[in-house]
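Visitor: I would like to learn how to read salt bridges and helices in a structure such as this one. Could we go through them together, feature by feature?

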Amino acid sequence: MLTVERLNEILDDESFNFILVPSEKIAMSLSHHLGYFYYPSHDVFPFDNLKPSRRVIGQRLKVLYLLSRGDINAVVGTLRAFLTPTLEWKEYRRYLQHLSVNSSLTDEFFMKLVQCGYERVYTVRSPAQFAKRGMIVDIFDPVEMRAVRLEMGFEKMERMRYFDPVTQRSLQSDISEVSIHPAAEWVHDEEKVEKLVELAGELGMDVGTLLDKIPSLTREQPFFIWRDKNYKLIIVDEGKTLKTYRSFVKDVEEFCVERRLLESFMKSGPNQLANFYDGAREIVRVELKKVPRITITVEKKEEYHEAEFEEFSKGDPVVHEDFGIGIYEGTKVVETILGKREYMVIKYRDGVLYVPLDRFHKVHSYIGGQNVQLDSLALIPWRKRLKKIKKELEAEVREIAQIHATRKVIKGQSFNKVEDIEEEFVKTFPYIETKDQITAINDVLNDLEASHPMDRLVCGDAGYGKTEVALRAAFRVVLGGGQVVVLAPTTVLARQHFQSFKERLEPFGINVEILDGRTSKIMRENIKEGLRSGRIDIVVGTHALLVPDVEFANLALVVIDEEQRFGVRQKEHFKKLRMSVNVLSLSATPIPRTLHMALSGLKDLSVISTPPLGRKPVVTFVVPFNWKLVRLAILRELQRGGQVFYIKSRIEGMEEVVDMLRKLVPGASVEMVHGRMSRVRVDEIMQRFRSGDLDVLVATPIVQFGIDVPNANTLILHDAHRYGISDLYQLRGRVGRSDRRAFAYLFYDPRKLSGKGSKRLEILKTLEKPGSAFKLALMDLETRGAGEIFGTKQHGRINAIGLIMYNKVLKEVMEKLKHGKMELEEIALEMEGIPADLIIPSDYIVDTMERVRYYRRIATADEKQVDEIAEEMRDRFGKPPETLERLLEYARMRARLKNSGFVKVIYNEKKSRLILVHSRKLVPSGLLKSGKMVSEKAVQLDGIKRSEVLNVLACITQDTKE
């Protein structure tokens with residue numbers, strides 16, 4: 001029996017060491033604790049119509065690359081990993097491409113990228129993707145896990161630098177050379193494509209997925225990393241290792257219905273076992289006393305940003321602020337007498353509207369009912385509808401607005417930063433904050449520094465860092481002498497928060513306690529006394545905190561997690577105790593009423609939509625219930641060393657489910673938890689699951705909030721048809737909390753599935769991207785009805801004008817009620833008849849929606865922002881063409897005119913006349929002195945030729961600036 005620490009002593013420095021272990025868990029543990037290179041097995045079965053994840057392929061190829069170069073000599077993995085074919089080293093070298101400044105990027109270069117597994121996309125976000133946009137090429141290497149941007153000249157490469165897939169901006173310094181590694185374990189020559197397509201059709205598989213099965217289908221001699229190597233084979237717990245692999249082979253034989261796939265698997269897998277053993281220079285068999293556990297965590301950096309809520313596609317309903325609801329028909333470049341312009345095309349009931357680029361920002365996506373009624377291009381009906389809604393809102397909003405306005409003027413305690421100790425606390429956060437998380441933290445801390453009470457909603461997906469926002473706020477408040485309540489809807493979530501707050505805050509001398517249904521009577525009275533006296537700083541709890549005899553010495557902050565699980569009275573409870581209390585609400589899927597209030601300004605809103613590094617969409621299956629598929633789903637997860645959530649909506653029948661799972665998957669440890677079990681038993685089982693000692697947790701939906709087990713990446717929902725869409729989303733959020741690909745199986749009973757239930761399941765399947773929680777909440781407004789935000793009925797007026805326009809009107813109403821008049825609107829500038837080609841060429845930015853985004857940004861940008869946009873476009877798409885340079889210069893000039901107070905600029909080409917109108921009394925200077933004053937606010941310049949207009953305007957803005 002060896003200890004893990006002594007395993008290093010038997011390694012051979014003169015040869016390669018392959019360490020064979022029974023499971024992926026042990027392989028990951030030895031890699032983590034001893035520094036061996038981990039060689040993972042595929043995270044799908046050989047017969048799956050799914051590709052192995054890019055993370056797994058990238059890691060396997062990295063081991064192959066380093067091993068072949070002699071850079072490493074110890075690799076740890078399972079029999080399945082070692083007996084899965086990989087890319088032959090000579091093929092690897094053939095497709096490994098080295099680039100340097102002055103290299104040429106030929107058609108062969110891009111062909112090789114496709115052949116060796118790269119996917120061509122428009123915007124590179126993930127490993128194994130590449131993009132070619134004009135003279136800019138982006139590539140995300142899955143082996144090095146770095147994204148590189150190549151800038152080509154006419155013949156040779158001019159620049160190379162790494163870039164951030166989150167911001168799409170280049171990093172600071174240029175690089176002189178880079179290597180682009182293959183991204184697949186099999187590559188295909190051009191002549192094999194037709195055969196590949198034919199074979200995929202015969203097997204009923206996706207062509208891309210089939211690529212990963214090809215080594216065993218077509219090669220007489222599949223390649224393995226141990227082939228032709230001088231290696232020592234160290235076998236850990238051989239009996240268990242062989243048993244695990246044989247069990248895997250048996251499962252493949254049971255589930256693989258395609259004979260050719262099964263034959264090829266047997267040929268390249270189990271039939272190679274003897275060769276693996278025989279090829280070893282020496283075999284050492286060891287037993288390990290104890291393998292250390294490893295907790296899977298992910299460094300929380302940003303991967304990509306999903307803050308673009310207003311994204312619409314051709315055929316989607318949109319709202320123009322001046323014309324109402326229409327259908328977005330795309331964009332169109334029109335040659336006019338003024339020059340080339342790109343217009344947004346919107347179809348209305350009785351015609352088509354062409355929206356010029358400086359009005360793009362007035363068009364919003366329509367969020368409302370499903371039965372969209374298109375407006376007419378006649379303006380009167382739309383304006384009457386807006387006026388009517390505004391008048392009705394003024395009457396309804398007054399009462400609740402007064403309550404919130406009162407809170408705004410109430411003098412509350414300010415909690416200012418305590419520099420040194422807060423910096424020490426921030427260092428205890430074990431991850432790197434995402435940008436959205438930092439913004440939300442700063443929003444909350446700024447609220448606490450203000451003199452009026454905070455009422456803020458932080459919206460973000462499960463696992464995106466909302467709890468850390470609450471911790472920073474709680475820490476600040478306690479330092480300032482206040483007490484904090486953390487309210488959670490379930491005991492499980494409350495207990496997890498209690499552990500988190502206690503671990504992070506007690507080292508700083510902060511007293512944290514928990515009060516819930518499981519708190520003993522003696523302890524309960526002790527905690528109440530501590531809150532009254534001020535001895536307890538923070539109390540975490542459930543509805544048990546809402547009883548009248550829970551009193552506080554100085555309650556200053558209430559954190560409400562999963563706020564949608566509480567009623568209005570419950571959420572207002574602490575405000576009644578003290579009007580000046582600060583309220584921080586946290587939610588992944590806020591209820592419509594709360595979302596309305598946040599979007600309309602009655603609550604403040606922070607959205608965390610940036611997922612942690614590596615967070616991938618959860619692969620979601622919506623299928624009729626099938627025990628065989630349940631078994632396959634569990635086996636797939638356990639084979640890669642993971643754990644499984646099995647959720648059943650009701651306690652009845654749970655024991656039968658546990659018994660069935662133990663029969664279906666012998667050897668798997670299965671336990672259940674539900675609300676009728678004792679506190680001690682639930683805590684014991686949950687601890688075992690968190691530590692990795694339990695393979696499958698069968699539970700009621702009590703686990704949908706607060707359970708954070710990164711190693712659990714398969715969710716099985718027994719009766720998905722019973723749940724609402726928000727619950728489905730929350731439950732699915734239990735998996736996919738690490739950089740591993742996660743699976744969710746939504747099983748339903750076809751006999752009990754209603755039309756609405758079917759729609760809910762399908763909607764959830766479409767919301768696979770990280771950061772979809774906010775979009776789900778907006779969709780919930782649509783499917784449930786937006787309703788009156790100040791009442792309880794789920795019906796209202798949003799459908800008539802769309803959510804975004806509704807909130808714009810509501811904000812105006814609120815301003816009028818709070819200040820007695822409308823705030824002065826930002827000065828708008830109308831430009832008419834200005835001759836110039838003002839377009840972003842479609843061959844410069846090919847993607848239409850990407851062009852629309854830039855048009856919208858340019859339309860509202862000030863001069864500095866225009867410069868930033870220009871630099872960003874230069875970085876992402878290459879040197880701007882002349883027409884784009886003209887558009888950007890036009891935007892700068894327009895911004896300067898607007899900043900100088902001009903509200904209208906009109907050019908009449910026939911009369912060669914330029915008229916400028918100011919918002920105030922105009923005092924001409926510079927060029928304007930030579931003009932004719934047509935009113936106290938307007939000046940007219942005659943004799944201005946078409947080619948001179950832009951230069952004249954540029955001179956005027958310079959004169960005005962000086």
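Visitor: Is glutamate 909 buried, partly exposed or exposed?

Guide: Buried means under 20% relative accessible area, exposed over 50%, and partly exposed in between, computed with a 1.4 Å probe on protein chains only. Glutamate 909, at 37% relative accessibility, counts as partly exposed, and arginine 946, with a relative accessible area of 32%, is partly exposed as well. Bear in mind that this is a predicted model, in which local features need pLDDT of at least 70 and side-chain atom pairs count only at pLDDT 80 or more, whereas totals for chains, interfaces and linings use all residues. Residues are numbered from 1 along each chain as its sequence is written, and side-chain values use heavy atoms, with hydrogens and water left out.

Visitor: What do the side chains of arginine 946 and glutamate 909 form where they meet?

Guide: A salt bridge is a side-chain nitrogen of Lys or Arg within 4 Å of a carboxyl oxygen of Asp or Glu. The side chains of arginine 946 and glutamate 909 meet in such a bridge, at 3.0 Å from N to O. Arginine 946 lies in the loop between strand 36 (938–942) and helix 31 (949–961), and glutamate 909 in the loop between strand 33 (902–908) and strand 34 (913–918), so the pair ties together parts that are 37 residues apart in sequence. Helices (H or I, at least four residues) and strands (E, at least two) are DSSP runs, numbered from the N terminus.

Visitor: How many salt bridges are there by this rule, and which residues are linked in a network?

Guide: The count comes to 57 salt bridges. Arg133, Asp138, Arg149, Glu151, Arg161, Arg169, Arg874 and Asp875 are linked in a network of them. Elsewhere, arginine 722 bridges to aspartate 719, with the closest N and O atoms 3.3 Å apart; here arginine 722 is partly exposed at 36%, while aspartate 719 is buried at 6%.

Visitor: How should I read a helix, taking helix 2 as the case?

Guide: The expected span of a helix is 1.5 Å times one less than its number of residues. For the 16 residues of helix 2 (residues 54–69) this gives 22 Å, and the end C-alpha atoms are 22 Å apart, which agrees. Its buried residues include Val56, Ile57, Arg60 and Leu61, and among the elements that cover the buried residues of helix 2 are strand 1 (16–20) and helix 4 (89–95). Just after helix 2, glycine 70 takes a positive phi of about 80°.

Technical notes:
Contact = heavy atoms within 4.5 Å.
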